[in-house]
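Work through the exercises below with the sequence and the model at hand. Each task is followed by a solution in steps.

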Amino acid sequence: MSSRTTRFARHAPGGSVPRAAASPTPTGSPGAPDAPGGSGPTAAPRASRAPRAGRRRGEGAWGWLFVSPMVLVLGLFLVLPILMALWVSLLHWDGQSNPFSGQARFVGLDNYRSLLTEDGLDRTLFVTSLRNNAYYVLLTVPLQTGLALVLALVVNQRLLRARGALRTAFFFPSVTSSIAVSTVFLFLFQGSGAVNSLLSWIGVKGPNWFADPRGVLSLLLGALGVVDPDHPSGPLADHSFLGLSWFQWLSGPSVAMCTIILLAVWTTSGTFMLIFLAALQDIPRELEESAALEGASRFQMLRHITLPQLRPVLFLVLTLGLISTWQVFDQVYVMGQGAPGNTTLTPAFLSYSSAFDDADFGQGAAIAFILLAVILCLTALQRWALRERDARPRRAR
């Protein structure tokens, strides 16, 4: 049909080309129905699925090929030692022979049983270390997290001068050697050290920090006249749990442990400050500006905008703090090694002492795996507590 005839047909009554003049649709065109074996609109995707699946399998094989060196390194230096340590925890081994030979005596779960269920010195020391570390975690994690958040909010102020210098000053203790900082704290908190000298200027007689095994809560109750810290009596002293009296459980961290807590808070807050600072700078400025236009105060902006935006980072900081505080070792090794009166003893140091000082590597490995179980359980509990809770929809009445 010529263009003129087509143009006339479009303007004819009815506005359509006669059916006889319409060109036939070729077979196999996109508008034709699928014939058996034909190439209709559904046949082409089916034909392309096989190459795409093969391409994905090829990409997966290449991915495993590229990560295989790191997988081998992690398996050789991480997974394999963990499995060997698990085997050692089932032995009575002094470290002088091959743990896979007959010279190492297999004792099964006796190492775990002596630490958890059997009365004796082993369980008393282990439970004491758990109590000390629990107080260390309960005080260190909230203090270092709160201080890090406050420092991050301070140095994030746009109108603050010398922000770079303040960030460096706050972060400097975190990059300093923990052994060096612990040694400095030993000199500062001596009986005639700088801390007691400063306290004497205001009329306060400082204690002998690293030689005082009394708990701070028992000292506070003793100052109020509730209990006698030196000679406790009553139900708290008469009843015990896992080899320790309730007075020992509730007496709080010792004065010596409090100095280690101060050291940990001072040296770790800078690292967590940088994590919070990066998260604060990632919050959209439009949220703060819109809240300011609505008349929200600084406290309201912190509560309803800043803290909800920091929830994932807060979980990260709390998790890292929880893991590191349960694994504290170097400060305890330098500043007390459990003294005075085992009030600075921690499970990590007890594991080291049992293995290398007492030549009982089986018990040392058992302490390490119990500590691993405690960390995993508390991390899971913390994740459950900080999960995002969606509001349940109300039922329509």
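**Exercise 1: a tilted ring pair**

Phe 241 is partly exposed, with a relative accessible area of 40%; the class runs between buried, under 20%, and exposed, over 50% (1.4 Å probe, protein chains only). This is a predicted model, in which local features need pLDDT of at least 70, side-chain atom pairs count only at pLDDT 80 or more, and totals for chains, interfaces and linings use all residues. Residues are numbered from 1 along each chain as its sequence is written, and side-chain values use heavy atoms, with hydrogens and water left out.

Task: Classify the ring pair of Phe 241 and Trp 249 as stacked, edge-to-face or tilted.

Solution: 
- Step 1. Rings of Phe, Tyr and Trp (its six-membered ring) pair if their centres lie within 6.5 Å; planes under 30 degrees apart are stacked, over 60 edge-to-face, and the rest tilted.
- Step 2. The ring centres of Phe 241 and Trp 249 are 6.0 Å apart and the planes are at 50 degrees, so the pair is tilted.
- Step 3. Trp 249 has a relative accessible area of 19%, so this residue counts as buried.

**Exercise 2: a pair across the sequence**

Task: Which parts of the chain does the pair of Trp 93 and Phe 361 tie together?

Solution: 
- Step 1. The whole structure has 18 aromatic pairs. One of them is Trp 93 with Phe 361, tilted, at 5.3 Å centre to centre and 50 degrees between the planes.
- Step 2. Trp 93 lies in the loop between strand S1 (91–92) and strand S2 (105–106), and Phe 361 in helix H17, so the pair joins parts that are 268 residues apart in sequence. Helices (H or I, at least four residues) and strands (E, at least two) are DSSP runs, numbered from the N terminus.
- Step 3. Trp 93 is buried at 13% relative accessible area, whereas Phe 361 is partly exposed at 21%.
- Step 4. Ring pairs link Trp 93 and Phe 361 into a cluster with Phe 329, Tyr 333, Phe 349, Tyr 352 and Phe 356.

**Exercise 3: salt bridges**

Task: How many salt bridges does the structure hold?

Solution: 
- Step 1. A salt bridge is a side-chain nitrogen of Lys or Arg within 4 Å of a carboxyl oxygen of Asp or Glu. The structure holds three.
- Step 2. Arg 113 bridges to Asp 110, with the closest N and O atoms 2.4 Å apart. Both residues lie in helix H3, three residues apart, about one turn of the helix. Arg 113, at 35% relative accessibility, is partly exposed, and Asp 110, at 37%, is partly exposed.
- Step 3. Arg 123 and Asp 119 meet at 2.4 Å, N to O. Arg 123 is buried at 10%, but Asp 119 is exposed at 65%.
- Step 4. Asp 212 and Arg 214 have their closest N and O atoms 2.9 Å apart. Asp 212 is buried at 8%, while Arg 214 is partly exposed at 37%.

**Exercise 4: the nonpolar cores**

Solution: 
- Step 1. A nonpolar core is a set of buried Ala, Val, Leu, Ile, Met, Phe, Trp, Tyr and Cys residues joined through side-chain atoms within 4.5 Å.
- Step 2. The largest core has 26 residues; Phe 185 and Met 335 are among those with the most contacts inside it.
- Step 3. Helices supplying at least two residues each include H4 (121–155) and H11 (255–281). The largest share, seven residues, comes from H11.
- Step 4. A second, separate core of 15 residues includes Phe 272, Phe 276, Ile 283 and Val 317.
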